[in-house]
Amino acid sequence: MLKKTCYFIGLTILMVVLAACNSKDTSESNSGNEDLITISGSTSVGPLAEKLAEKYEETENVKIEINQIGSSAGITNAIKDVSQIGMSSRDLKQEEIDSGIKELVIAYDGIVVVAHPSNPVKDLTMEQVKQIFTGEITNWKELGGKDLEIVVVSREDGSGSRDAFQEIVGYKSGQLIRNAIVASGNGNIKTTVATNKHAVGFISFEYIDETVSAMDINGVKAEAGNVLDGNYQLSRPFLFVHKEDVPEAATKFMDFILSADGQKIVEAAGAIPLTK
Amino acid sequence: MNIQDKNELEQQISKGNKRKYFLESLSSKVFLACALLSVISLLLIVGFVFYKGSNPFITGGYSFFDFLFGSDWVPSEDKFGIFPMIVASIYATIGALIIGVPIGLLTAIFLAEIAPKSVAKIVSPAIQLLAGIPSVLYGIFGLAIIVPFLQNNFGLARGQSLIAVILVLAIMMLPTIVTVAETAIRAVPKTYREGSLALGVSQIGTIFKVVVPAAKSGIMAAIVLGLGRALGETMAVILVAGNSLIIPTSLTDSVRPLTTNIALEMGYAAGTHQEMLFATGIVLFSFILILNFVLARITAKGAQ
């Protein structure tokens, strides 16, 4: 009796395992009537893409999967067909363009230099930003602030935001002050800056709130209008990258983003629409 | 029951034993497959990490010596030196040991030798539970409590520092050290204690002069296991370390240990940069291997 029960249990387990293996196939065939769009990439573009996807899913019969894994990884995924669309917050590198990938500007974004709300310094020149991040200025006193050591907070090497920021400000990765705190992701930088009155960092426009104080650059406020006018210099395009032969559902989604409705969502999300 | 069993048996015999033997050998193969799965996983992981990580040195023309002892890590400028991280990992681990081992050891002695049953009943499960807390929660605790505490009370410009890492790791290694050391101390034969006490030695004297030396190999194993935990910890450390690329010269410097370098940059890395992160993994893996080797030696000695 006991042995028989054992065999029975063993066989049941075996069947469950086999069934589990099978279920993968069935779930794939099921998705045939509900198109799946896979997107991965930049943590800066991610929140915007989430909002666009949410609105788009309400009207269309699609499922959109978004993974925020960073620009480089997203582009790699698009090239290797792991995702249909990659999100990037930096321009493509030559080797990436050579792989035959297409880019689509879906919005613009400003990068804003942020400090602790208690910091009296509210305006910096681009030159001062460079001097802070390369370690030439190490005390807020030199900028007319309190006598506090400056703690620089940067994104990690390879991050799209960091690449874009360094390119615009005009310093190389190797020049970044050595004792800079390195945090992964916009949210992490915001939290670090918000909890440290010495700190200065940079985040994407979408992440600005009252926990950090946004700096003017060359006297220009960090606002969408100023980015479109070209007065605010710390700005960059948000890109969707994809192969030429993406599925129709993905093409439609990208058309939606460029439409007037899509661009309205872009604006509501805190990013800067292509036209105003 | 007996009659039923007999009937069953007769039925089986009449059908011949073929089916029975088939199921027997089938199930033993299933078990074997399960056992092999872990070995295969290990080989795959090690093989993959070494394959990816050794690539830049074999085909890319990078020098492994420069990789180990270079002090610049600037992937976008093709500079890969992990010396600051090796130093940071070693400092953080040693620091955590200095704080964690005495506390852990005394806790283990207390639980095994001194604590009344009612107290041990509360402390023991609490420590077990500490081991079960996901490591990222330790990190959040460190970021929300330890980092601001250091900033506010010691006037540090940045709370993310070596000392913050050490404190978090010391707490994290406690459960490992306490559990293993307690088991080792409990395994010391009662006659040792009785002999010592009978000779007029005090209880504390007995513990430190007789029981602890007798449990030495078990306690060493506890320390090595705790060391491995501290060295390999990633998620908690990434939040409180600050991840600066400097060779730490004081406890208040922010540091980047080997593990956080991998976790921090892997999402964004491509090409050689990614392979260099795997190479960082090789170095980390070598450290863990050495620790395991030491552990095996210690336990083998204990068994003799």
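The model is a predicted one, in which local features need pLDDT of at least 70 and side-chain atom pairs count only at pLDDT 80 or more, while totals for chains, interfaces and linings use all residues. Residues are numbered from 1 along each chain as its sequence is written, and chains are lettered from A and ligands numbered from 1 in the order in which they are written.

The UniProt record, an unreviewed entry, places the feature "transmembrane region" at residues 30-51, 82-115, 127-150, 162-185 and 276-295 of chain B; such positions are given in the numbering used here, feature names are shortened, and annotations may be inferred rather than shown by experiment. Residues 30-51 of chain B are 100% helix and 0% strand, with end C-alpha atoms 30 Å apart. The unreviewed UniProt entry also carries the annotation "domain: ABC transmembrane type-1" for residues 86-295 of chain B, a span that is 80% helix and 0% strand and whose end C-alpha atoms are 21 Å apart.

Within chain B, helix 4 (residues 83-114) packs against helix 10 (residues 216-232) at an angle of about 140°, with the axes 9 Å apart, where axes are lines fitted to C-alpha atoms, for helices over the stretch in contact, and angles run from 0 to 180 degrees between N-to-C directions. Helix 4 of chain B is therefore oblique to helix 10 of chain B, since angles under 35 degrees count as roughly parallel, over 145 as roughly antiparallel, 65 to 115 as roughly perpendicular and the rest as oblique. The residues of this contact divide into 10 nonpolar, 5 polar and no charged, with Ala, Val, Leu, Ile, Met, Phe, Trp, Tyr, Cys and Pro counted as nonpolar, Asp, Glu, Lys and Arg as charged, and the others, Gly among them, as polar. On the side of helix 4 of chain B the contact includes B:Gly100 and B:Gly104, and on the side of helix 10 of chain B it includes B:Gly226 and B:Leu227.

Elsewhere in chain B, B:Phe149 lies in helix 6 (residues 135-154). B:Phe149 counts as partly exposed because it has 15 C-beta neighbours inside 10 Å; a residue is buried with 20 or more other C-beta atoms within 10 Å of its own, exposed with 12 or fewer and partly exposed in between, the C-beta atoms being placed from the backbone.

Chain A has 10 helices and 11 strands, and buried residues make up 43% of its 276 residues. In chain A, helix 2 (residues 46-59) and helix 10 (residues 260-268) pack at an angle of about 135°, with their axes 10 Å apart, and these two helices of chain A are therefore oblique to each other. The residues of their contact divide into 4 nonpolar, 1 polar and 2 charged.

Where the chains meet, 27 residues of chain A are in contact with 27 residues of chain B, contact meaning that C-beta atoms, placed from the backbone, lie within 7 Å. On the side of chain A that touches chain B, the largest share, 4 residues, comes from helix 3 of chain A, and the residues of that side divide into 8 nonpolar, 14 polar and 5 charged.

How values were computed: Two residues are in contact if their C-beta atoms, placed from the backbone, lie within 7 Å.
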